[in-house]
Every structure is written in structure tokens, then in C-alpha cells.
Amino acid sequence: MFASMFRLPDVRWAALALACFGVGAAAQFAGAPAWAWLPAYLACYLAGGWGPAWEGISALAKPRFEVDLLMVIAAVAAAAIGQWFDGALLIVIFATSGALEAVLTERTADSVRSLLEHAPDRAVRLRDGREETVDAADLAPGDTVLIRPGDRVPADGTVTAGESEVDESTLTGEALPGRKALGAQVLAGTVNGTGALEVRVDRASADSVLARVARQVEEASEAKSKTQLTIERVEQPYSLIVVAATLALLAVPLLSGAAFEPTLLRAMTFMIVASPCAIVLATMPPLLAAVALAGRRGVLVKSALMIERLAEVDQAAFDKTGTLTNGRPRIERIEVLGSAIDGAVDGDGGRSAIDGDASASDARLRRLVAAAEARSEHPLGRVLAAIGDANGATDFQAVPGRGVRARVDGADVQVGHPVLLDDAEEDPAARRLVAELESQGLTVAVAVADKRPIGVIGLTDTVRPEAAQAVAALEARLGSSARLLTGDHPAAARRVGAAVGIDRVDATLLPGDKAERLAGTRTLYCGDGINDAPALAASHVGVAMGGTASDLALQSADVVLVGQRLTALPAAVDLARKAKRVATANLAFAAAVIAVLATWDLVGDLPLVLGVAGHELSTVIVGLNGLRLLSGRHWKETRV
């Protein structure tokens, strides 16, 4: 506990060390006796050196040799030969650069974590026609909240009543407020405009987009990039080599009869300038700054490693529904297979709920389809759930790549991809209808009850207005053609592909098929549904559409587009590449400074003060160079 009080980097202890150094240096150069300035230097050593000394000594027990300990040993050695000023200067510069590093790194995380301040603490919940004020953290999925004009949205949810405009700039980067009406999604922390809204809570506070931001920032700070991991693996043996070389520089000349004091100063200077402090700091600040800037623009990147991987992608691939399209399909045709409805029986041998008057077949079909899809997370499922009475289904099960299954009024109902017909009783009429609708470029869903086809539904979707621009921009940056991977029929897939400029279209794919096509490649894959989760996990970088994506897709993805703007993807690739270039430049600069100063010390006469200043200044420079990516001018997104 006592030791933790002194653990650096800490701005207060660095400031105290600097103040003590200033007092001691002023007194020494004014000609005061040693007793006047020596206590100030001792206080400087204690304030600025205790933390790294304790860290270094504690690391030896692991066993691990820390760079911090090199600095402290050099400072103590300088004091031992009467070079109090040089040793104290080393302590001050090292402590100051360490504190600055901590401040800059924390600023990166704070720039995204500050979003959490936008989440309100209280909410107005509607229950049994009454309003009650509750803690926002106590809201649960299914609750309904009232959001008055000017209020902040307390939880992610769906508008059930009212109409307004909502400012989402803090989360999505969208400058203009967006219209929200019945069925629209709203995010916690955004600001309501002039209208009142009633919103059904979809996620608990711990699962909101804001909460995900906080968790991802923590994960990004803890997760190391590949470059950083390589540096840390090399740091330990490199530090030991520096120590061995320092001892050799001290022992060999002394055994040859060289003077002790200049030999010690040369050895200490070498140990300082050869230490890899700047190299250790070279990569994480730019990568974390890129995570923070992307987060402020509505692109959540889960770790610094993902920034590196995003810079490496050489191809883009997309899902269709809810990704290249708006994810709000509309129904074009509903065809009832009446004979199948009239003839189906339930599992007990009696007439099922779909039995009855042929004139009511359409209503019964709508009822069975809506109830079976009531709990579906897929965009098509949500549309189908709205065509009839969606209550009363049991034993719901989502089957990735096929659709959903549920027990509705005694019937075993399946709704989804036409592949369901393969396991149903043969019905030529159903096959003909599927072929006809698919030839028109419609997305087709079939309904099967008790193994008998009962209906075929044709749906269509509108392409996102920015999709073609985003695809073209990614193709230009990556130097390769984009791909469309979808489970839909080839005609529907080709229609969307042509609209957005994608020629390479793979249709009728199951989730595992998508993953197989992406495995081992450097492909950026963007999707949103449960069936996209395997592909998101298998791709080099998986990107989920934030507003429409299923929870499984969000968990599998490496990047989340909170604002659902595909034009943010090329901007994110540009930022990632810039961050990697900055990290590479930092590494080259840090290595060059070490090489120049170490060579100068070995073949010339490098003053200790100049060596200390050059070494620590290079550390500060690479830190500041990385953190400049926090500036919004590095985000270049062209919007439609």
C-alpha cells in the first residue's frame, strides 16, 4: 500500500521532483555550500526516483529486468561520484516524460469514455398508465420510458409512440438530428428534440452502446498490438544486453588502467541512451488515438490490434440484407398454398390450427408466420412478424442460414429460406412460386407447417444510398474488387450487387460457407445478422452494423458501425493506415536516436546531460506524435 503511493508515472510526484531540482540547481550554481543544495537534490531523487526504483526491484522477483531500473541505477551512480546535478536532471526528465506518457495515454481513453457522461442518471418509466421516476440503471428490456423534449435518451430502445428528431452526434458523428417515429431505434445518451417519445427499452444499461464503448476502450487499452507484443518480447533480453554492455564499458577500461570517473560517466551515458524507452512508447499512442477518434465518429474498434489488422486488409466483402440494404424490407407478394393449409394435421393426428375454411387461408398464413417470427432478430423476421397476430408461439428456435422454428397453436411452423422445402413434403406449386419470385429479384421466404408448405412470401429491400460510394471507395483503397456474400437467391443478390457496383456475387450461402470463403484471407467483412457471426469471426476484420446487428454479430465483430454509415469504412481504413505509418515512423525515429547517441558515446565524448536530454526528448516526441491522431482532421469521410 505504501509503495503504491509512490508509483509513477504521477504528475504530482514529477512536479515535486522538478521543483526540488530547481531549488537545488539554483543554490548550487549560486555558489551556496553543499548543505544548502544537497537536501533539495535528495528530495528530487526520492520524489522522482522512488516509483521506478520500486517497480524495477519488484520486477526482479518475477524475474524481469525493467528499463526503469536502468535510469535509477544511472542516477545513483552519478550521485556516487559527486555528479548530483546530472543525476537529478536524469531523474527529473525521466519522471516528467513518464508522467506525460501517462497523461497522454489516459487522454486517449478519456476522449471516448467521456461519452458515458452523456447518459442520464434518471428516467421516466411508464407503468400501468402512471409515470414514475427511476434510476436509468434499473431499466430492463421491455420497460417503456417517456422522453420529453430536450431530455437525453436513458436506454437503447425502439420508439413505440410519438415523433421527434434526435441528435445522435455524440455517438454516430452525424451532425444533423435524425427523425424518429414509430419503429425507429434510439440510443442511450442521445438528445431528444422538440417532440415527446415513448420508447420500449431493448437493452439493459450494461448492454447499451455507451456501455459497450466503455468496455471496448478498456479492452483496447489492455490489448496489445502485434508490434507492441514483439517489442515487449524483445525488451527484456535487450535490457539485459544493455546492462552487460554497460558493465563491459566500465570493467574493460578500468582493467586497462583508465581513470574511474570518466569511465563511469561514459558507461552510465551509454546505459541511458541505449535504453528502449522511446521504442516501447512508439506504437500504442497512435493506435489508441485511432481507436478514440474512430469511436467519436461512430466506429467502435475493439482493440489496438484491430487497428493494425484494419490497416492490413486487402479486400472487402459484404452481407446483403441490413448491410448493403437498409434492412427494412417490405413485402411485395404473399402467396397462399391453400390445399396444404386445409390438409395439415397436428402432431396428435387432429386438425391443426391451419385447418378450416379456404377463404380464411390468407389470415391463417399471416397468423402462423407472424407468431413464428415474433422473437426473430433478423431484419426479414421483424417484417414478417408484423403481418399478423404475433402472440402465442412457444419453443422458438433460430436456425442460422435456414430461418426460425416455433410451435404455434399446435402446429410445428418453420419460416425462412426456401431450403426449408427440401425437408418438407414435395409441393410443385411451392417450387414454382419460389422460382418465379426469385427470378424477379425478390427475396423469398417460405412457410412450412407440420412438414407441409403453406405459403411463399416475396420481399424486397432498398439499397442504402451511400452503399455504392462506400464500395467504390474501398475498392480504390484496397486495390481489389469487393464481394457480396449472401444466403439469398442469385437473382436478388445480383440485383443488389449491380446497384452498388459489386460484380463478384456469391449467393445461396449458408453461414459456414461464408466463413470458409473468408478464412485465411485479409478480408474486411461487414454484416449484421446471426448468420453473419461465423463470417465475422473468420474474417481478418469483422464489421457489424450497429443499429440492426444481432447481439451475436456484435460480439463476433471486431468493429461496430454505430452510425450504420458504410462511408465510415473507407475513412476507418485510411485512419488505421495512417496510425500504422505513424507507429512505424516512431519506431524508426526512436531507433535512430538510440543508434546516434550510443555511437556518439562509444566513439566520441557525449556529455551525460546531453545524452539524458536526447534520450528523454525522443520519448516525449514519439508520444506526442502518436497522440496527434486524436485530432478530428485525420478523419476523412465523404457522406452522401
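This report describes helix packing, a sheet and aromatic pairs in a predicted model.

## Basis of the description

Residues are numbered from 1 along each chain as its sequence is written, and side-chain values use heavy atoms, with hydrogens and water left out. Because the model is predicted, local features need pLDDT of at least 70 and side-chain atom pairs count only at pLDDT 80 or more, while totals for chains, interfaces and linings use all residues. Helices (H or I, at least four residues) and strands (E, at least two) are DSSP runs, numbered from the N terminus.

## Two helix pairs

Two packed helices are described by the angle between their axes and the distance between the axes. Axes are lines fitted to C-alpha atoms, for helices over the stretch in contact, and angles run from 0 to 180 degrees between N-to-C directions. In their contact (heavy atoms within 4.5 Å), residues of H23 including Phe589 and Trp600 meet residues of H24, among them Gly614 and Ile621. The residues of this contact divide into 8 nonpolar, 7 polar and no charged, where Ala, Val, Leu, Ile, Met, Phe, Trp, Tyr, Cys and Pro count as nonpolar, Asp, Glu, Lys and Arg as charged, and the others, Gly among them, as polar.

For helix H11 (residues 284-296) and helix H12 (residues 304-312), the axes come within 9 Å and cross at roughly 85°, which makes H11 roughly perpendicular to H12. Here Met284, Leu287, Leu288, Ala290 and Val291 in H11 meet Ala304, Ile307 and Glu308 in H12, a contact with 7 nonpolar, no polar and 1 charged residues.

## The sheet and its helices

An open sheet of 6 strands has the order S12-S17-S16-S15-S14-S13, with antiparallel pairing (two strands pair if DSSP finds at least two bridges between them). Strand S12 (330-336) and S13 stand at the edges, each with a single partner strand, so one side of each lacks a neighbour in the sheet. Helix H15 (residues 361-372) packs on the sheet, and its direction makes about 125° with that of S12, whereas helix H17 (residues 428-439) lies across S12, S16 and S17, running at about 5° to S17.

Strand S13 (residues 394-399) is joined to strand S14 (residues 403-408) by 4 bridges, with valine 399 opposite glycine 403 in S14. Strand S14 also pairs with strand S15 (residues 411-416) over 6 bridges, and there the bridge partner of glycine 403 is glycine 416 in S15. In the hairpin of S14 and S15, which has 2 residues between the strands, aspartate 409 takes a positive phi near 50°.

## Aromatic pairs

The structure holds 5 aromatic pairs, for which rings of Phe, Tyr and Trp (its six-membered ring) must have centres within 6.5 Å, with planes under 30 degrees apart counted as stacked, over 60 as edge-to-face and the rest as tilted. Phenylalanine 21 and phenylalanine 85 form a tilted pair, 5.3 Å centre to centre with 35° between the planes. Phenylalanine 21 is buried, at a relative accessible area of 11%, and phenylalanine 85 is partly exposed at 22% (buried means under 20% relative accessible area, exposed over 50%, partly exposed in between, with a 1.4 Å probe and protein chains only). Tyrosine 45 and tryptophan 84 form an edge-to-face pair, 5.7 Å centre to centre with 70° between the planes.

Definitions and conventions:
Parallel < 35°, antiparallel > 145°, perpendicular 65-115°, else oblique.
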